[in-house]
Amino acid sequence: MAKEYRLSAERLEELKQEITYLKSVREKEVAELIKEARSFGDLSENSEYDEAKNEQGKLYSRIAELEEILSNYVIIEEAEHLDTVHVGNTVVVEDKEFGEEETYSIVGSQEADPMNGRISEESPFGRALLGRKAGDEVVVEAPAGNIRYKIVAIQR
């Protein structure tokens, strides 16, 4: 069974635009690079040709990845109920050790950006939060040891 990718409507649109760009513009640019590199002669010692072929491989790999995502996606709906944490919610948590509050958005794996507070539902932290209520304490297993958080608030 194919993996299901959970995306927001905005992220879906970004991926559609990216694949359109890659297939219409970037593919022609890479083909032109290969054509130009071939004109330099002996392909066995032609680093420009090797580089252009590598670029073509990366391009086709990304196109295949995007096609896989776009054929198996589910749109994340904004949670109507804020009693438990769901994908699409923003969660305010308190680090029990340091007493610091932090805010995170729970998103699908394709949208994760931990440095900007966007945590994947598939990450240990995201899994620990899902289904929990405001006031609950959660323990997240991290390489440095277990970290305890208290869910302060659940928002849209």
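A residue is called buried under 20% relative accessible area, exposed over 50%, and partly exposed in between, using a 1.4 Å probe and protein chains only. By that definition Glu121, at 11% relative accessibility, counts as buried. The model is predicted, so that local features need pLDDT of at least 70 and side-chain atom pairs count only at pLDDT 80 or more, while totals for chains, interfaces and linings use all residues. Residues are numbered from 1 along each chain as its sequence is written, and side-chain values use heavy atoms, with hydrogens and water left out.

**Overall form**

- The protein chain holds 3 helices and 7 strands; helices (H or I, at least four residues) and strands (E, at least two) are DSSP runs, numbered from the N terminus.
- In sequence order, these elements give the pattern β-α-α-β-β-β-β-α-β-β.
- The radius of gyration of the protein chain is 22 Å, whereas a compact globule of 156 residues would have one near 15 Å; the radius is taken over C-alpha atoms, and the globule rule is 2.2 Å times the number of residues to the power 0.38.
- The C-alpha trace spans about 70 × 35 × 30 Å along its principal axes.
- Buried residues make up 32% of the 156 residues in the protein chain.

**Negative surface patch**

- Glu32, Glu36, Glu48, Asp50 and Glu51 form a negative surface patch.
- Patches are made of residues with over 30% relative accessible area and no salt bridge, with like charges joined within 9 Å and nonpolar side chains (Val, Leu, Ile, Met, Phe, Trp, Tyr) within 5 Å.
- Accessible areas come from the Shrake-Rupley method with a 1.4 Å probe, and for residues only the protein chains shown count as cover.
- Lys and Arg count as positive and Asp and Glu as negative, whereas His and the chain ends are not counted; the place of a charge is taken as NZ of Lys, CZ of Arg, CG of Asp or CD of Glu.
- Helix H1 (9-38) and helix H2 (47-71) each contribute at least two residues to the negative patch, and the largest share, 3 residues, belongs to H2.
- Glu36 is located in helix H1 and counts as partly exposed because its relative accessibility is 43%.

**Salt bridges**

- Side chains of opposite charge can pair when their charged atoms come close.
- A salt bridge is defined here as a side-chain nitrogen of Lys or Arg within 4 Å of a carboxyl oxygen of Asp or Glu, and by this rule the count comes to 12 salt bridges.
- Glu122 pairs with Lys3 in a salt bridge whose closest N and O atoms are 3.6 Å apart. This pair links distant parts of the chain, 119 residues apart: Glu122 is in the loop between strand E5 (118-120) and helix H3 (124-129), and Lys3 is in the segment before strand E1 (5-7).
- Glu122 is partly exposed, with a relative accessible area of 36%, and Lys3 also counts as partly exposed, at 38% relative accessibility.
- Glu121 forms a salt bridge with Arg6, with 3.2 Å between the closest N and O atoms. The two residues, 115 residues apart, link distant parts of the chain, Glu121 being in the loop between E5 and H3 and Arg6 in strand E1.
- Arg6 is partly exposed, as its relative accessible area is 33%.
- In the salt bridge between Glu111 and Arg118, the closest N and O atoms are 3.1 Å apart. Glu111 is buried, with a relative accessible area of 8%, whereas Arg118 counts as partly exposed at 30% relative accessibility.
- Salt bridges also link Glu18, Arg62 and Glu65 in a network.

**Further positions**

- Asp95 lies in strand E3 (residues 90-95) and is buried, with a relative accessible area of 8%.
- The C-alpha atoms of Asp95 and Glu121 are separated by 19 Å, the two residues being 26 residues apart along the chain.
- Lys150 is placed in strand E7 (residues 145-155) and is partly exposed, with a relative accessible area of 31%.
- A C-alpha separation of 9.6 Å is found between Lys150 and Gly99, which are 51 residues apart along the chain.
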